[in-house]
Structures are given as structure tokens and as C-alpha cells.
Amino acid sequence: MVLMRWAVLSIVIVVTSHAGPCLSTIKPEAHAQPRHANPVALKLTDPLSRRYRSALREAALAPANFSGDHVLAQIGCGAGCIRIAAIDRQSGRVSWFPATISGWPLAVTNPLQFDRNSPILIVQGMLDERGPSTTRRYRFDGRRFQPLKRR
């Protein structure tokens, strides 16, 4: 019995000594997102922007990733639900997508497709948890997301 205890204790010691770095030795910058050198002062002019101000401020630290000099922020609003805002890196203006996105197909890992050099946003899922889960295209004009007609 004593021998068995020593064997178990030895295995535990060996496993814990080779488990990798503990959390206190991991440097946070190794996992941090790239930050923009000049943070923008956000214009939180509407109730939705004020409600999500912390998430918007965090997103605004990222480099531009949408429609030239905008940051497209994806903010969780529940399980399987996101809100989208475009943050102008020059003026700090926040432009909200007109609906929440949810109900995208299980095979889809990200319901949004966009590019830094394009004003086109492709959305997969339901809008405001209503209607069909489908693919929709929008053009961002710098202030609003305008739906594009289907072909």
C-alpha cells in the first residue's frame, strides 16, 4: 500500500513538472491583438454606443480592417448573436449595422465576410432573430450599411 502511494505521488510530481509554463510565466503580449499606435477618441452619440462603450473602445485599438480606415467591431449580444459597428479611425464616428445577426448555419464559423479595401459586407444568418437565415450583401457608405439588391 505504501509503495502504491509513492508510485501515484511520483506520477503526479512528474506530470506537474512537465505540464508546461504556469499562467504566471506567460507574457500577455504573446497573445494580444495588434494595437493601433494612435487610439481614436470615440464619438458615443447614441444610446447603443454608450451601452457598448467598453467593447467599442477595445475594438478601436485594433488596426483598420474594413472599408479603408474603419474597424469593424463584432460585439456579442447573447449566445450565437452579434452586433456590428464600423468605427472610423479618423473621426471616431461609430456606425451601427441596422440589425443583430444570429442563426447562421452550424458549418459557418464567422457569419461576416469583409475586407480592409472594400466597403462590401457579406452577412450570413437571420436579422434581429427573424426571417430566413440567408446570405445578404451590404455596401458601407461611411455612415450607413445599405443593402445591395440580389441578382
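Mentor: Buried means under 20% relative accessible area. The structure discussed here is a predicted model.

Trainee: Is Phe145 buried or exposed, and what is the relative accessible area behind that assignment?

Mentor: The cut-off for a buried residue is under 20%. Phe145 falls under this cut-off and is therefore buried, its relative accessible area being 6%.

Trainee: How many aromatic pairs are there?

Mentor: Ring centres must lie within 6.5 Å for a pair to count. By this rule, the number of aromatic pairs is 7.

Trainee: Which class describes the pair of Phe66 and Phe145?

Mentor: The ring centres of Phe66 and Phe145 are 6.2 Å apart, with the planes at 15°. Planes under 30 degrees apart meet the criterion, so the pair of Phe66 and Phe145 is stacked.

Trainee: How many residues apart are Phe66 and Phe145, which link distant parts of the chain?

Mentor: Phe66 lies in the loop between helix 3 (53-60) and strand 1 (70-76). Phe145 belongs to strand 8 (residues 145-147), and the two are 79 residues apart.

Trainee: Which class describes the pair of Phe97 and Phe145?

Mentor: Phe97 is in the loop between strand 3 (94-96) and strand 4 (101-102), 48 residues from Phe145. The ring centres of Phe97 and Phe145 are 5.4 Å apart. Their planes stand at 70°, and over 60 degrees is required, so the pair is edge-to-face.

Trainee: Which residues do ring pairs link into a cluster?

Mentor: Phe145 pairs with Phe66 and with Phe97. The cluster linked by ring pairs consists of Phe66, Phe97, Phe114, Tyr138, Phe140 and Phe145.

Conventions:
Residues are numbered from 1 along each chain as its sequence is written. This is a predicted model: local features need pLDDT of at least 70, side-chain atom pairs count only at pLDDT 80 or more; totals for chains, interfaces and linings use all residues. Side-chain values use heavy atoms; hydrogens and water are left out. Rings of Phe, Tyr and Trp (its six-membered ring) pair if their centres lie within 6.5 Å; planes under 30 degrees apart count as stacked, over 60 as edge-to-face and the rest as tilted. Helices (H or I, at least four residues) and strands (E, at least two) are DSSP runs, numbered from the N terminus. Buried means under 20% relative accessible area, exposed over 50%, partly exposed in between (1.4 Å probe, protein chains only).
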